[in-house]
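Please open the model in your viewer and keep the selection tool at hand. The tour goes from one selection to the next and says what is there.

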Amino acid sequence: MSKGKLLRWVLMALACLTLLSACSLRKVIISQLDWFLMRKMDHYFDLTDQQYEQFSKKGKTHLNWFGETQIPGLILEIERIRATQAPLDPAYMKNLLDERSRSLWNAMADRMAADAAELFRQLTPQQFDHFEKALEEDSEDYVEIVQLPPGKFKKAYRDLQDEIMDKMENWVGPLTDEQKARIVAITAMSQEDYAREVSILVEIKKEFLRQVKEKVKEGGVEAFLKSWARQPNIRGERYAMYQDWQVTRQLNLWIEMEKMVTEKQRKHREEKLAQLISDLKIIQSTVF
């Protein structure tokens, strides 16, 4: 690691400790979003100092674009959810999880594809190796759970379900026993089905790495990235199956929670959504 990179990591560590020590500095944290995103990018690619500076500048333009073009629509959707007193319509929820999120993802992919292609063309073999190891590390916990004996798998998978409930409680407050039981039932999965999902997730990452390396040699990286964002090119219909499972399970969970959410939980969610809107407006008003 160069002296410049070492100094940057030290400064990042100190800044993170300072910023995270007080919730009152939330605005400062959000206004430094470009910095935190570059840290994540560096984690995956082990950027050189020159690459870090080059793509940090590009990243700022993308964040400004996101604030100008995408955040207004997101705020409108969140305000709509926040203002709704009755359970949300399942058709509306499906549209948000499927069409709306897909549209946002595609817009972001199209916007950043050229710069992402430039990054991949610059990567050295060592940086590609670093990227591959980082992707493998992201999947390690899931792969380990698959390989557990049945009894231990059941406990480990229940821990994952508890994590889902913890995240949900962050938005609606404490869950009732009935709600917890329904969440466990909706997200239940056999070890065989879980292994199948994880195998597709791992395959997506491996195939992306293999194919993007090919495109770096052949040309057409930008077009490949745009195409991959819309439909990862893996064997048969496996990605379509994986996507259907993910969306269906998430949608069913959301629909069931809408049926059971209490007035107190709805108020809690309104407050959390108001905070989210405030955070988005900070990003929107920040010139990165």
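**Stop one: α5 and α13**

Select I71, P72, L74, I75, I78, E79, I81 and R82 in α5, then E270, L273, A274, L276, I277, L280, K281, I283 and Q284 in α13: these two sets meet, contact meaning heavy atoms within 4.5 Å. By class, this contact of α5 with α13 has twelve nonpolar, one polar and four charged residues. Here Ala, Val, Leu, Ile, Met, Phe, Trp, Tyr, Cys and Pro count as nonpolar, Asp, Glu, Lys and Arg as charged, and the others, Gly among them, as polar.

Before going on, note that this is a predicted model, in which local features need pLDDT of at least 70 and side-chain atom pairs count only at pLDDT 80 or more, while totals for chains, interfaces and linings use all residues. Residues are numbered from 1 along each chain as its sequence is written, and side-chain values use heavy atoms, with hydrogens and water left out.

Now show α5 (residues 71-83) and α13 (residues 263-285) whole; their axes are 10 Å apart and the packing angle is about 165°. Helices are DSSP runs (H or I, at least four residues), numbered from the N terminus. Axes are lines fitted to C-alpha atoms, for helices over the stretch in contact, and angles run from 0 to 180 degrees between N-to-C directions. The two helices α5 and α13 are therefore roughly antiparallel, since angles over 145 degrees count as such, under 35 as roughly parallel, 65 to 115 as roughly perpendicular and the rest as oblique.

With 33% relative accessibility, S278 is partly exposed; buried means under 20% relative accessible area, exposed over 50%, and partly exposed in between (1.4 Å probe, protein chains only).

**Stop two: α11 and its cover**

Which residues of helix α11 (residues 221-230) are buried? Select V221, F224, L225, W228 and A229. Looking down the axis of α11, these buried residues fall within an arc of 130°, so they line one face of the helix; the arc is that of the directions from the helix axis to the C-beta atoms. Among what covers them are α6 (90-122) and α10 (191-218).

Show α6 beside α11: their axes come within 8 Å and cross at roughly 140°. These two helices, α6 and α11, are therefore oblique to each other, and their crossing is right-handed. On the α6 side the contact includes W105, A109 and F120, and on the α11 side it includes V221, L225 and A229. That contact of α6 with α11 has ten nonpolar, one polar and five charged residues.

**Stop three: single residues**

Select Q179 in helix α9 (residues 177-186). Q179 counts as buried, at 1% relative accessibility. Beyond neighbours within four places in sequence, Q179 is in contact with P174, M257, M260, V261, T262 and Q265.

Next select E256 in helix α12 (residues 238-260). Is E256 buried or exposed? At 18% relative accessibility, E256 counts as buried. Its contacts, leaving aside neighbours within four places in sequence, are R182 and I186.

Last, go to D46, in the loop between α3 (33-45) and α4 (49-69). Phi of D46 is near 50°, a positive value in a residue other than glycine. Most residues other than glycine have a negative phi. D46 is partly exposed, with a relative accessible area of 36%.

Key:
Left-handed = near helix turned anticlockwise from the far one by under 90°.
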